[in-house]
Amino acid sequence: MDEGVVKYSCECIPGENVAVELIASLMKWRDHIHELGLIGVYENGIGFGNISIRIANTLQFIISGSQTGHLAKLNPDHYTVVTEFNIEHNHLTCCGPIQASSESLTHAAIYSYEPNINAIIHVHHPQLWRKLLNQVPTTRKDVQYGTPKMAQEMFRLFEEENLREKKILVMAGHEDGFLTFGKDLNEAGEILIQYYHI
Ligand SMILES: [Zn+2]
């Protein structure tokens, strides 16, 4: 199946936890968003949602680890640093106590494209997703999340639509999924909360 599609690969180097001071706000937002049900787990056991912040002035970022959607509260053991990535080759390297999710490449693509974005929140919500589809910048239905194609598709939205101003995008090809971002985590979070309440 999918001949010609570069398979996702991740090299995770076991490493120390990220310092709590660096992720205090990240942990707070993540647990709050989990409480709202925007990060969580489906009945089939598959988790959804992830949140990240850029390490200032670098292409590295701290992201919540894979398979953590079921946990109401995360601790520093559940965050990892994406140290390197290659979008074309669908590969990333992380360093920390937990593996980064394959969806991290979508975060990586945004950080590499737009230096003023320092925080990204990816969530799932069926009703909101339906409401927002094609009302805010929306990626094409045939493009899946966490793939090299998604990076290209998001760059298209930066170029052709008002994604930079809206700071929210919906993924038509990733059911329930959308993301918000900002110059910092508070901006990304507040945008998310605004839409949550519409
Ligand atoms: Zn998702």
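How many aromatic pairs does the structure hold?

Author: The model is a predicted one, and the structure holds six aromatic pairs.

Phe61 itself has a relative accessibility of 0% and so counts as buried.

Phe61 also pairs with Tyr111: here the ring centres are 5.0 Å apart and the planes stand at 40°, so this pair too is tilted. Because Phe61 sits in strand E5 and Tyr111 in helix H2 (residues 104–113), the contact ties together parts that are 50 residues apart in sequence. Both Phe61 and Tyr111 are buried. Elsewhere, ring pairs join Tyr113, Phe155, Phe158 and Phe181 into a cluster.

An open sheet of nine strands, with mixed pairing, runs in the order E1-E7-E6-E5-E4-E8-E11-E10-E9. At its edges stand strand E1 (9–14) and strand E9 (138–139); each has a single partner strand, so one side of each is left without a neighbour in the sheet. Strand E9 runs parallel to strand E10 (residues 168–171), and two bridges join them. Within that pairing, Thr139 has Met171 of E10 as its bridge partner.

The cysteines complete the picture. A disulfide is a covalent bond between the sulfur atoms of two cysteines. With a cut-off of 2.5 Å between sulfur atoms, the count of disulfides is zero. Cys10 takes part in none, and the nearest cysteine sulfur to it, that of Cys94, is 4.1 Å away. The relative accessible area of Cys10 is 22%, so this residue is partly exposed. For Cys95, the closest cysteine sulfur is that of Cys12, at 7.3 Å, which is too far for a bond. Cys95 is likewise partly exposed, because its relative accessible area is 27%, a value that falls between the limits of 20% for buried and 50% for exposed.

Notes: Residues numbered from 1 in each chain as written. Predicted model: local features only at pLDDT ≥ 70, side-chain atom pairs only at ≥ 80, totals over all residues. Heavy atoms only, no water. Phe/Tyr/Trp six-rings, centres within 6.5 Å; stacked < 30°, edge-to-face > 60°. Buried < 20%, exposed > 50% of the residue type's maximum accessible area, 1.4 Å probe, protein only. Helix = DSSP H or I, 4+ residues; strand = E, 2+ residues; numbered from the N terminus. Pairing = 2+ DSSP bridges.
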